[in-house]
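Hi,

Here is the structure I said I would pass on. Have a look at it first, and my notes on what turned up follow below.

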Amino acid sequence: MGKTFAEKVLAKRAGLSEVVPGQIVTVRPDHLLTHDNTSAIVGKVTEELKAYGLVSADLPVIAIDHVVPAVDEKTALGHAKIRQFVKEYGVQHFFDVGEGVCHQLMVEKGFAQPGRLILGSDSHTCTYGALNAFSAGIDRTEAAVLLLTGETWLKVPETIRVSLKGTFPLGVMGKDLVLGIIGEIGADGANYKAVEFHGDLSALTMDDRLTMANMGVEMGAKLAVFPVDGITRAYLSVHAPGAQYEPVWADDEAVYDRRLGFDLSELEPMVAKPHTVDNVAPICEVAGLPVQQAYLGTCTNGRLSDLQAAAAVLKGRHIAPGVRLLVIPASRSIFQEAITDGTLATLVEAGAMVGPPGCGPCLGAHQGLLAPGERCISASNRNFQGRMGSKDAEVFLGSPLTVAASALKGVLTDPREVI
Amino acid sequence: MTVFKYGDDVNTDLLFPGRYTYTCAKAEEILPHLLEDLDPAFAGSVKPGDVILAGKNFGCGSSREQPALGLKAAGLQAVVAKSFARIFFRAAINQGLLLVECPEAVEAYREGDEVAVDAARGVVTAGGRSFAFPALPPEILAIRDAGGLLPYARKKLREARG
């Protein structure tokens, strides 16, 4: 019988000839990602770490990214504790404040590779499925125990097969596609499940794929994964040069829980309306609603091509009065590239303010929170009530093009009208 | 015993706002902010033995564990829901918090009804009617029954490494 991607990876990891959905297996991940929550994670097992040691200095990848630079003394103390842990235990992979969002660093620095198993104490760990990795989010307590044992359990998921074809019309990006998929299957449509993307994927850049895999968790998915093709290999040749990776992919006769198909050429720019990610509509349904803030950044859409797309819309123009356009590159490397190629100059000339690489206001801790009654168009991944400041504010999710177009006009705007 | 009734897609931001995620880790820091943006009265009124009843996809969103940790520390008897998001489901096991996935019980409940959960028998009673709910696999149940993953792992480490 044919096997899915998840069944193949988990069987191999568990040392079994085959596994079936629902089966519980014990696995040892290649890497464990933790971020600002590392201080709390380490605090749970301080005594045990002293007694038994860190299971492997190569296992953890730590990036301080969520509240950077520190917003107050308590946050600063958390960061200091992480640096102390890294030093004391010789953690090999550490990225301090300013290096970038953890998920971007995981792909950019070559940790995410085909066939690898990566767990992380962050829900968007699923991002690395874009590079054919099995990656999934876990909580802090589980991360703490992984530091000691290197081992945990996973349930073999059922899989949803999403078949894609065609090319994007002008003004449409990977973000619009994934919002469309979430709108169709719902915020729990892939709960506990894996999502595999099949078909003609040649129109999807690596940045599109990263956006789509990143938002797998917004449909409930444990992981969302792409096959390895020329686009993947080209990316890895730059970001993991010389890596000996083993691509894994589903058999043609694999058994699926559900099959879906999308034609990229039929898509239009989409938004997720407040306050759930599956409250999806074409931008034209809500066009004209005033916005006070536009946010371009995050692990979802803070990459170079996202910034370039926004700059293409805003070049030689200026954002509308009364709009704050906040741009936060997802990593230092993206920041540098966007300086070198003039993207940031274009955005700043258009009225944008640029923040340091990190998560920015996405999770509601700092750097651009919303007042009651305000509305934000955001390239991030969640529009939950109260997530980005006041619970009486509204967040609409859209593509970088939609963010730029809306900042330009001061109202939610179909990017096709201004490109 | 009080039953707190909520709808579908109660996400972890509503259960515990993100603005506190990196400054509150201990139970006493978490408890005052539980469900702050969903039900401001919850934190002040929840008592040991109470039950939350909710719709589908309870606990979706962020992987933050403060909701599971806080609800366990508050002494909540169980969360009964139509379904749970997977990271919250794991987090609850890891905190020793009882989750009951039982859409029928949620549908049967009417305001004012008593809700009782018998974890050992795998039965939840709501509105005078009893419903069976699926048991966890034994290896997972062992974690929850040890009081969560930390006590479970500590015991295993002691046994293995002294």
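In chain B, three strands make an open sheet with the order β5-β6-β7, and their pairing is antiparallel. The edges are taken by β5 (115-118) and β7 (129-132) of chain B, each of which has a single partner strand, so one side of each is left without a neighbour in the sheet. On average, neighbouring strands here are turned by 20 degrees against each other, direction ignored. (Those angles use axes that are lines fitted to C-alpha atoms, for helices over the stretch in contact, and they run from 0 to 180 degrees between N-to-C directions.)

Before I go on, some housekeeping. This is a predicted model, in which local features need pLDDT of at least 70 and side-chain atom pairs count only at pLDDT 80 or more, while totals for chains, interfaces and linings use all residues. Residues are numbered from 1 along each chain as its sequence is written, and chains are lettered from A and ligands numbered from 1 in the order in which they are written. Helices (H or I, at least four residues) and strands (E, at least two) are DSSP runs, numbered from the N terminus. Strands count as paired if DSSP finds at least two bridges between them.

Back to the sheet. β5(B) and β6(B) are antiparallel and joined by four bridges, with B:Ala116 opposite B:Thr125 in β6(B). Their hairpin has four residues between the strands, and B:Gly122 takes a positive phi near 70 degrees there.

**Chain B against chain A**

The contact between the chains takes 37 residues from chain B and 41 from chain A. (Two residues are in contact if their C-beta atoms, placed from the backbone, lie within 7 Å.) On the chain B side, the elements giving two or more residues are α1 (12-15), α5 (86-95), α7 (138-145) and α8 (149-161). The residues on that side divide into 14 nonpolar, 12 polar and 11 charged. (Ala, Val, Leu, Ile, Met, Phe, Trp, Tyr, Cys and Pro count as nonpolar, Asp, Glu, Lys and Arg as charged, and the others, Gly among them, as polar.)

Take a look at α5(B) too: 10 of its 10 residues are buried, so it is largely enclosed by the rest of the structure. Among them are B:Phe88, B:Phe89 and B:Arg90. After α5(B) comes B:Gly96, with a positive phi near 75 degrees.

**Over in chain A**

Strand β8 (residues 159-165) of chain A has five of its seven residues buried, so it is largely enclosed by the rest of the structure. β8(A) pairs in the parallel sense with strand β9 (residues 194-199) over six bridges, and A:Arg161 stands opposite A:Glu196 in β9(A). Six bridges also join β8(A) to strand β11 (residues 258-263) of chain A, again parallel, with A:Val162 opposite A:Leu260 in β11(A).

In α9(A), A:Thr232, A:Tyr235 and A:Leu236 are buried. What covers the buried residues of α9(A) includes α8 (206-214) of chain A. The face turned away from that buried side carries the exposed residues, including A:Arg233 and A:Ser237.

Finally, A:Pro227 sits in the loop between β10 (223-225) and α9 (230-239) of chain A. A:Pro227 is partly exposed, with 17 other C-beta atoms within 10 Å. Not counting residues up to four places away in sequence, A:Pro227 touches A:Asn132 and A:Trp249. A:Pro227 and A:Trp249 are 22 residues apart in sequence and 6.1 Å apart in space, C-alpha to C-alpha.

Cheers

Terms used
A residue is buried if 20 or more other C-beta atoms lie within 10 Å of its own, exposed if 12 or fewer, and partly exposed in between; C-beta atoms are placed from the backbone.
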